[in-house]
Amino acid sequence: MRCTAARVRVVGIVQGVGFRPHVYRLATSLGLSGYVRNLGGSEVEIWVEGAADSVEEFVKALRDRTPRAAEIEEMEVRCEEPRGYAGFRIERSLGEREKISMIPPDFGVCEDCLREVLDPASRWYRYPFHSCAWCGPRFSAMYKPPYDRENTSWRDFPLCDECLKEYEDESNVRRFHIQGISCPRCGPRLYLVAGDGEPVPTSDPLREAAKLVDEGYIVAVKGIGGFHLALLASDDEVVMKLRRRKKRPRKPLALMALDAGTASRLVEVDDRARELLESPARPIVVLPRREDSPVSELVAPGLRSLGVMLAYTPLHYLLLLETRDKFLVMTSGNESGEPIVKDEEEALRKLRGVADYFLLHNRRIVNRVDDSVVRFTDGDVTFLRRSRGYAPRWLRLPRPVRRSAVAVGPMLMNTAAIATEGYVIPTQHIGDIENIETLEFLLEAIEFFVRAYNLRMEEGLVIADKHPLYPTRELARELADRWQADYVEVQHHVAHIAAVMLEYGLPEAYGVAIDGAGYGDDGQVWGGEVIHISEDSSYRRLGHLEYLPMPGGDKAAYYPARMLLGALVRNSNPEDGLSLFLSRGYHELLPGGLAEARLAARQVESAPRTSSAGRFLDAVAAALRVAYERTYEGEPAIMLEEYSWGGSFVELPLEVEDGIVLTGEFLLRLVEGEFSSVHPRDLARSVQQSLGRCLGLIAREQGAKRVVVSGGAAVNSFIVRGLRDVLGRDNVLLPRKLPPGDGGVSSGQIFHSVLSGRI
Ligand code: ZN
Ligand code: ZN
Ligand code: FE
């Protein structure tokens with residue numbers, strides 16, 4: 001295309017990230033005239049005119065050289081007649097906003113800011129709150145859109161002369177109209193207080209905090225989306241102290257490393273991992289622990305992987321730099337099961353007795369945002385938690401919705417989602433809705449988005465999970481009442497699968513849900529399902545794992561040996577099943593020993609039944625004595641997967657009959673010792689891979705060429721490998737933008753309602 005003038009429309013993350021000054025600089029450097037302006041709706045319009053070569057080069061450079069935090073989703077170029085503009089201008093945003101604009105996520109510190117913070121000659125030298133167009137807090141600091149300073153918590157810090165000059169300078173690519181800029185003269189301040197709230201007198205709170213950490217104290221650090229607890233990760237006693245104080249016996253703790261070089265001393269960092277670690281979102285990445293890793297075993301007991309992130313604010317970077325190790329445990333500062341703490345007063349109250357000191361600052365955190373967590377699943381990057389750095393980015397719908405909707409999600413690892421215009425917007429990670437605090441946080445997040453995006457919920461739809469006992473369902477009904485909105489429920493695994501369909505833009509799909517638990521249409525606990533969803537939103541359950549009893553109900557999810565016993569009893573007879581269980585000594589895996597085993601065997605008859613893949617993996621983990629208790633969500637299944645590393649695949653008689661995976665029979669044969677010649681590591685791997693193969697076979701038999709995969713256990717590499725053995729690598733689609741786990745369900749609830757035409 002040769003033209004002397006062009007109109008370019010760019011859609012994506014192009015607002016609040018320095019895109020317009022970038023365009024300005026590019027256009028003026030090529031001698032082009034015209035303008036750039038925000039259109040709202042995450043769109044920017046550019047007009048350039050001048051020499052045809054320059055116009056062409058401009059368009060090419062715009063595509064190839066996007067500023068760090070910006071992201072171009074769509075770009076449309078049209079040739080036009082030159083209008084004779086004199087010079088290039090950044091035009092004021094149009095007053096009325098016709099379209100909504102995306103609230104940008106928080107971005108990790110950029111290289112340029114870091115360089116300035118480390119440069120003794122810079123006016124930002126050792127300034128913990130430095131940020132620019134390419135980095136810094138966004139969502140966590142916003143009261144409401146649009147992203148203007150008076151709508152953020154930076155409004156408490158009026159710009160000094162120097163900062164103001166840069167803010168108004170169109171040619172300043174990193175600071176022109178960027179709301180989060182500040183400097184030591186005009187920005188927030190750090191201070192240090194002791195556990196009892198008494199100020200610690202010091203001229204350098206940062207250095208003092210680092211010294212305290214090195215001495216073995218636990219320091220609560222206020223960051224951008226909430227508080228962390230910072231402590232030595234290399235010292236068993238210190239890690240143990242935290243575990244005792246937080247009453248968290250085994251749940252893995254996140255680490256923060258100064259930089260990628262430091263991280264690679266702790267875990268195996270390949271190119272892809274490094275790219276993720278250093279990406280603007282700066283997630284926690286779960287990676288294989290190095291054999292010579294200096295990290296205490298107690299950071300992730302029994303696991304062969306560690307979750308590591310890089311310092312993502314100058315504050316974190318400067319703190320780590322002053323410490324001995326250059327890496328620390330940085331775990332969310334919260335009371336067990338409660339949302340991450342964001343305010344000082346709340347921190348001093350809730351973290352008292354856990355933290356010895358508090359490193360605080362006076363910039364308000366508006367929206368709590370936990371760290372995001374990603375891992376590799378059979379080579380694909382998948383979310384365990386989608387929050388800071390990603391939320392509240394939106395996903396596009398195939399068509400605009402007819403009315404707004406709010407989906408409240410299920411219960412554990414929860415998020416909510418809203419739908420407006422052509423978008424689904426999942427909230428940040430909320431947590432397990434098991435107490436009033438997280439329920440309130442869920443409501444707070446929903447209300448934020450309803451306000452921020454101006455939803456008219458009186459004509460809207462509220463969507464919930466079908467589970468009759470989920471507190472979120474209660475909340476959804478209350479909201480529907482309050483707004484006089486319509487209300488609908490979507491089955492848990494249908495929503496799981498619909499979420500992946502949304503991501504890939506599929507109007508119809510075969511789905512495999514590899515999950516812990518969800519309320520089934522027959523009132524049983526589902527969780528290992530093959531489901532086809534049609535274009536009209538109707539669905540058919542094509543197959544599933546055999547129903548196994550959960551003796552003692554929920555107790556069976558906490559003590560996996562109960563699941564094993566249930567399967568043995570159900571697949572032989574009560575006496576034989578129990579005596580086989582006892583003869584192998586499995587009752588020792590139960591806290592109540594022999595008596596508990598006897599009781600559990602009697603509970604089998606009346607026990608709830610489940611097709612859950614998670615519960616089956618639990619039973620296998622117990623059978624192989626890899627795990628005996630769940631102290632955090634998914635623990636036995638995670639232990640089983642990690643135990644399988646390095647194992648080889650051997651054929652196992654895990655079979656499918658009429659769409660049912662015969663798990664009970666298999667467990668019986670396993671305990672009877674049929675596979676005793678197979679190395680337990682190979683056995684562990686092969687069970688998971690075979691399970692994947694079985695689910696793949698069910699789908700293929702029903703005509704599936706391609707499946708979407710979702711569910712909390714869908715991050716299991718060996719199960720996914722098994723599915724791919726049957727269907728081919730590219731025909732097994734994992735979610736990449738949403739978590740496969742329950743954090744993705746709210747978006748699926750929305751998409752199912754789009755398919756059904758309700759919205
Ligand atoms: Zn920056
Ligand atoms: Zn300033
Ligand atoms: Fe689920």
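Predicted model: local features only at pLDDT ≥ 70, side-chain atom pairs only at ≥ 80, totals over all residues.
Rolling a probe the size of a water molecule over the atoms shows where empty space is left. In this structure the search gives three cavities of 30 Å³ or more. The largest cavity holds about 150 Å³ of space. Its lining is made up of 20 residues, and those nearest the centre are Pro-128, Phe-129, Pro-137, Ile-224 and Thr-313. Sorted by class, that lining has 11 nonpolar, seven polar and two charged residues.

The second largest cavity has about 40 Å³ of space. You can find it by selecting Gly-12, Ile-13, Val-14, Gln-15, Ser-42, Met-102 and Pro-104, which line it. Here four residues are nonpolar, three are polar and none is charged.

Now turn to the open spaces. The second largest pocket takes in about 920 Å³. Around it stand 31 lining residues, with Glu-71, Tyr-390, Arg-393, Arg-736 and Lys-737 nearest its centre. Several elements give two or more residues to this lining, namely β4 (71-79), α8 (271-278), β15 (380-385), β16 (395-396) and α13 (492-504). Of the lining, α8 provides the largest share, with four residues. What is the make-up of this lining by class? The pocket has 16 nonpolar, three polar and 12 charged residues along its lining.

Tyr-390, one of the residues nearest the pocket centre, also leads us to the aromatic contacts. Across the whole structure there are 15 aromatic pairs.

Trp-394 sits in the loop between β15 and β16, while Tyr-453 sits in the loop between α11 (436-452) and β20 (461-465), so the pair ties together parts 59 residues apart in sequence. Trp-394 is buried, at a relative accessible area of 8%, and Tyr-453 is buried too, at 3%. These two rings belong to a cluster in which ring pairs link Phe-139, Trp-394, Tyr-423, Phe-448, Phe-449 and Tyr-453.

Finally, look at charges over rings. Arg-388 lies over the face of Tyr-312, 3.4 Å from the ring centre. Over the ring of Trp-526 sits the charged end of Arg-541, at 3.8 Å from the centre.

How values were computed: Residues numbered from 1 in each chain as written. Chains lettered and ligands numbered in written order. Heavy atoms only, no water. 1 Å grid on protein atoms, 1.4 Å probe; cavity = no way out; pocket = protein on both sides within 12 Å on 5 of 7 lines; lining within 4 Å. Points joined across faces, edges and corners; volume = space filled by probe spheres on them. Nonpolar A, V, L, I, M, F, W, Y, C, P; charged D, E, K, R; others polar. Phe/Tyr/Trp six-rings, centres within 6.5 Å; stacked < 30°, edge-to-face > 60°. Buried < 20%, exposed > 50% of the residue type's maximum accessible area, 1.4 Å probe, protein only. Lys NZ or Arg CZ within 6 Å of the ring centre and 35° of its normal.
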